[in-house]
Amino acid sequence: MTIPSGSSYSPYSGGFGSGSMSAQDADAGLEASEAKKRADGVKNAFKAAENANTSGIKSAVDALRL
């Protein structure tokens, strides 16, 4: 892509930086996204621990049945 001499072309002119979203709005959106990732991570960790515990209990019961 050739930019004409004296042009005020900016690759950022039509995207995130222009329009109605302020820096505060962007920061709030990013913080909300990070908070959701953390909450999902905690939920997934609890689910994995629950699954591991359940499988451990099943293994013990199976061993006792033998």
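What share of the 66 residues in the chain is buried?

1. Burial. Buried residues make up 2% of the chain's 66 residues. Buried means under 20% relative accessible area, exposed means over 50%, and partly exposed lies in between (1.4 Å probe, protein chains only).

2. Basis. This is a predicted model: local features need pLDDT of at least 70, side-chain atom pairs count only at pLDDT 80 or more, and totals for chains, interfaces and linings use all residues. Residues are numbered from 1 along each chain as its sequence is written, and side-chain values use heavy atoms, with hydrogens and water left out.

3. Fold elements. The chain has one helix and zero strands. Both are DSSP runs, numbered from the N terminus: helices are H or I with at least four residues, strands are E with at least two. Helix H1 covers residues 23-65.

4. Surface. The chain exposes about 5900 Å². Carbon and sulfur atoms supply 59% of that area. Accessible areas come from the Shrake-Rupley method with a 1.4 Å probe; for residues, only the protein chains shown count as cover.

5. Salt bridges. The structure holds two. The term requires a side-chain nitrogen of Lys or Arg within 4 Å of a carboxyl oxygen of Asp or Glu. Side chains of opposite charge can pair when their charged atoms come close.

6. Lys37 and Glu34. Their side chains meet at 3.4 Å, N to O. The two sit three residues apart in helix H1, so about one helical turn separates them. Lys37 is exposed at 52% relative accessible area. Glu34 is partly exposed at 39%.

7. Asp40 and Lys36. Their closest N and O atoms are 2.8 Å apart. The residues are four apart in helix H1, about one helical turn. Asp40 is partly exposed, at 27% relative accessibility.
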